[in-house]
Amino acid sequence: MSDLSARIASFITEQVIPHEPALLAAGPDGAAVLSALQDAARDADLWALPLPTHLGGGGLDLTEYAPLAEMEGRSDFGPTALGSDLLLDATMLDRHATETIRERYLLPMLAGRGGPSFAMTEPGAPGSDPAALTTTATRTGEGWRITGRKWFTSRAASAAFTTVVCRTATSGDPRRAFSLFVVPTDAPATGSGARFPCSAQVASTRSPSTSR
């Protein structure tokens, strides 16, 4: 076991796992515990190891990170406590987001001040089959209107924003029929449904209907 792997294993065993009951309970107390663990990960130079260095990460490539992910996964909360679970959202926003989105969501997310969620799956339309998705986004005089329902949107209950997969074209290449919209979770005309534990974390259904 490498020194880095051993340090991660120790962090998960000694700091994350003992706090799993509070993290699972969520709420303000759980959020405070998670924030403290993330600060501890930064102090230990274990924060966001697979993220690129220009985003404040460790810059490890996937072949270097893969065996470390196994250590992080000893707790369902390990990747969140260590910032590794931001990899996909951070990479997507870093490559494709506007400067406004980067400043409003990407940078705070990297600092641990606003987590992401991703809304793809719909009732009757699994996320594994995007062609079946029915949520639409249409242009209005003020921006875009999103109409549809999503569910199994993990972490929506505590996220600062949700990236919503929407159909923006009704003809042409179906692979180009979709766009991603970053919707603040406190946006007007968004609805929240039932919350329930899922893989020891809290999931929430959300029904975004309007975004500007």
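Modeller: Contact here means heavy atoms within 4.5 Å. This is a predicted model, so local features need pLDDT of at least 70 and side-chain atom pairs count only at pLDDT 80 or more, while totals for chains, interfaces and linings use all residues. Residues are numbered from 1 along each chain as its sequence is written, and side-chain values use heavy atoms, with hydrogens and water left out.

Colleague: In which element does glutamine 38 lie, and is glutamine 38 buried or exposed?

Modeller: Glutamine 38 lies in helix 3. Helices (H or I, at least four residues) and strands (E, at least two) are DSSP runs, numbered from the N terminus. For accessibility, buried means under 20% relative accessible area, exposed over 50%, and partly exposed in between (1.4 Å probe, protein chains only). Glutamine 38 has a relative accessible area of 10% and is therefore buried.

Colleague: How many helices and strands does the chain have, and what percentage of the residues is buried?

Modeller: The chain has 7 helices and 8 strands. Of its 212 residues, 39% are buried. Among contacts with a separation of 6 or more, 60% join residues 24 or more positions apart.

Colleague: How do I read a helix pair, and at what angle do helix 1 and helix 3 cross?

Modeller: Axes are lines fitted to C-alpha atoms, for helices over the stretch in contact, and angles run from 0 to 180 degrees between N-to-C directions. Helix 1 (residues 3–16) and helix 3 (residues 27–43) have axes that come within 12 Å and cross at roughly 150°. Helix 1 is therefore roughly antiparallel to helix 3; angles under 35 degrees count as roughly parallel, over 145 as roughly antiparallel, 65 to 115 as roughly perpendicular and the rest as oblique.

Colleague: Which hand does the crossing of helix 1 and helix 3 have, and which residues meet there?

Modeller: A crossing is left-handed if the near helix is turned anticlockwise from the far one by less than a right angle, and right-handed if clockwise. The crossing of helix 1 and helix 3 is right-handed. Phe11, Gln15 and Val16 of helix 1 meet Leu37, Ala40 and Ala41 of helix 3.

Colleague: And what of helix 6 and helix 7: which hand does their crossing have?

Modeller: Helix 6 passes helix 7 in a left-handed crossing. The contact involves Asp89, Ala90, Leu93 and Asp94 from helix 6, with Ile101, Arg102, Leu106, Met109 and Leu110 from helix 7. The axes of helix 6 (residues 87–96) and helix 7 (residues 99–110) come within 10 Å and cross at roughly 150°.

Colleague: How many aromatic pairs are there?

Modeller: Rings of Phe, Tyr and Trp (its six-membered ring) pair if their centres lie within 6.5 Å; planes under 30 degrees apart count as stacked, over 60 as edge-to-face and the rest as tilted. The count is 3 aromatic pairs. One of them is tilted: tyrosine 105 and phenylalanine 161, at 5.1 Å centre to centre with 55° between the planes. Tyrosine 105 is in helix 7 and phenylalanine 161 in strand 5 (residues 161–167), 56 residues apart. Tyrosine 105 is buried at 7% relative accessible area, and phenylalanine 161 is buried at 0%.
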